[in-house]
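Have the sequence and the structure ready as you read.

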Amino acid sequence: DSSELPGALWHIYAGKDADKIREFLQKIAKEQGLEVLPEHDPIRDQSWYVNKKLRQRLLEEYGVKTCTVIQFLGDAVILPAGALHQVQNFHSCVQVTEDFVSPEHLVQSFHLTQELRLSKEEINYDDKLQVKNILYHAVKEMVRALKIHEGEM
């Protein structure tokens, strides 16, 4: 609808490309004469906005594709587990975030939790995803279901 004003521009990257993106951002920082510390994570510090020119370089040099989404008033954007993203807001906005971890994406979520826990830059890290609790309850439910159908096997 041409009468609607876009509220935000999203650029979404596959979680599997995180190391390539990290390497690319460190390369760009060095090109700009910035100091790159080995323990510094340019993704987690959120100090970079990968503009059109940089996204093109990221594709050409590292093969990393970007999914671009324009969000309008009332739209919700749902990201896959582990997906990296950046958002450019065009107007004042309120962000409402809800983390959801399904048992099917437990491995990716657990790796992300471990990565954040081990990060020297995440001072106030808290396991908000409660991955171990989800694993416990998924296994408990599986054992319960197996016990119910034990006689049928």
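Contact here means that heavy atoms lie within 4.5 Å of each other. Keep in mind as well that this model is predicted.

Setting aside its neighbours within four places in sequence, phenylalanine 24 is in contact with Leu54, Arg57, Leu58, Glu61 and Tyr62.

Now turn to helix α2, which covers residues 52–62. Which of its residues are buried? They are Leu54, Arg55, Arg57, Leu58 and Tyr62. Looking down the axis of α2, you find these buried residues within an arc of 160°, so they line one face of the helix. The face turned away from the buried side of α2 carries the exposed residues Lys52, Lys53 and Glu60.

| Partner of the buried residues of α2 | Residues |
|---|---|
| β1 | 6–13 |
| α1 | 18–31 |
| β3 | 84–89 |

Both ends of α2 have a detail to find. At its start, a side-chain oxygen of asparagine 51 comes to within 3.2 Å of the backbone nitrogen of lysine 53. Just after α2, glycine 63 has a positive phi of about 70°.

Finally, step back to the largest nonpolar core, which has 13 residues. Tyr13, Ile21, Phe24 and Leu58 have the most contacts inside this core. The elements giving two or more residues to the core are α1 and α2, and α1 gives the most, with five residues.

Definitions and conventions
Residues are numbered from 1 along each chain as its sequence is written. This is a predicted model: local features need pLDDT of at least 70, side-chain atom pairs count only at pLDDT 80 or more; totals for chains, interfaces and linings use all residues. Side-chain values use heavy atoms; hydrogens and water are left out. Buried means under 20% relative accessible area, exposed over 50%, partly exposed in between (1.4 Å probe, protein chains only). Helices (H or I, at least four residues) and strands (E, at least two) are DSSP runs, numbered from the N terminus. The arc is that of the directions from the helix axis to the C-beta atoms. A polar contact is a pair of N or O atoms within 3.5 Å; within protein, one must be able to donate a hydrogen and the other to accept it, and residues adjacent in sequence count only if both atoms are side-chain atoms. A nonpolar core is a set of buried Ala, Val, Leu, Ile, Met, Phe, Trp, Tyr and Cys residues joined through side-chain atoms within 4.5 Å.
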